[in-house]
Amino acid sequence: QAQLVESGGGAVQAGGSLRLSCSASGRTFSRYAMGWFRQSPGKEREFVATIRWSTGGTYYADSVKGRFTISRDNAKIMVYLQMNSLNAEDTAVYYCALAASYSGLGYYTRERQYDYWGQGTQVSVSS
């Protein structure tokens, strides 16, 4: 079992930046990828970004490409999401997720590819 804890959410004005962090702890577990998803009120949870643990390769949703950067710290088993040029459409609860099972060579962009989830952290962007 792995436990994921997100931090770094908050309120910010449009154009501002936030950095989310996610720490993974628990018994030994495999790590194929970690990712960030978000859910806005009345909407389905959607993919934001993912990073392959072994290579550090990254992939982003089109809506955040060029503004958000996902990174990882292997030693601390942490993943980060640097969010710049935030706008009101980025307002959501952001969830960290860990893929402990192999599900292909491609990037892990689907919820079902992830085995563990954090509780979420709120990001609110005012215009």
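1. Asp62 and Lys65 form a salt bridge through their side chains, with 3.1 Å from N to O. The model is predicted. Asp62 is exposed, at 66% relative accessible area. Lys65 is partly exposed, at 47%.

2. How many salt bridges does the structure hold? There are five. Two others are described next.

3. Arg38 and Asp90 are joined by a salt bridge, 2.9 Å from N to O. Arg38 belongs to strand β4, residues 33-39. Asp90 sits in the loop between β8 (78-83) and β9 (92-99). The pair therefore ties together parts that are 52 residues apart in sequence.

4. Are these two partners buried or exposed? Arg38 counts as buried, at 4% relative accessibility. Asp90 counts as buried too, at 1%. Buried means under 20%, so both values pass.

5. Asp90 also meets the side chain of Arg67 in a salt bridge. Here the N to O distance is 2.8 Å. Arg67 lies in the loop between β6 (58-60) and β7 (68-73), while Asp90 is in the loop between β8 and β9. This pair therefore links parts that are 23 residues apart in sequence. Arg67 is buried, as is Asp90.

6. Which residues do the shared partners join into one network? They are Arg38, Glu46, Arg67 and Asp90. Asp90 has salt bridges to Arg38 and to Arg67.

Methods: Residues are numbered from 1 along each chain as its sequence is written. This is a predicted model: local features need pLDDT of at least 70, side-chain atom pairs count only at pLDDT 80 or more; totals for chains, interfaces and linings use all residues. Side-chain values use heavy atoms; hydrogens and water are left out. A salt bridge is a side-chain nitrogen of Lys or Arg within 4 Å of a carboxyl oxygen of Asp or Glu. Helices (H or I, at least four residues) and strands (E, at least two) are DSSP runs, numbered from the N terminus. Buried means under 20% relative accessible area, exposed over 50%, partly exposed in between (1.4 Å probe, protein chains only).
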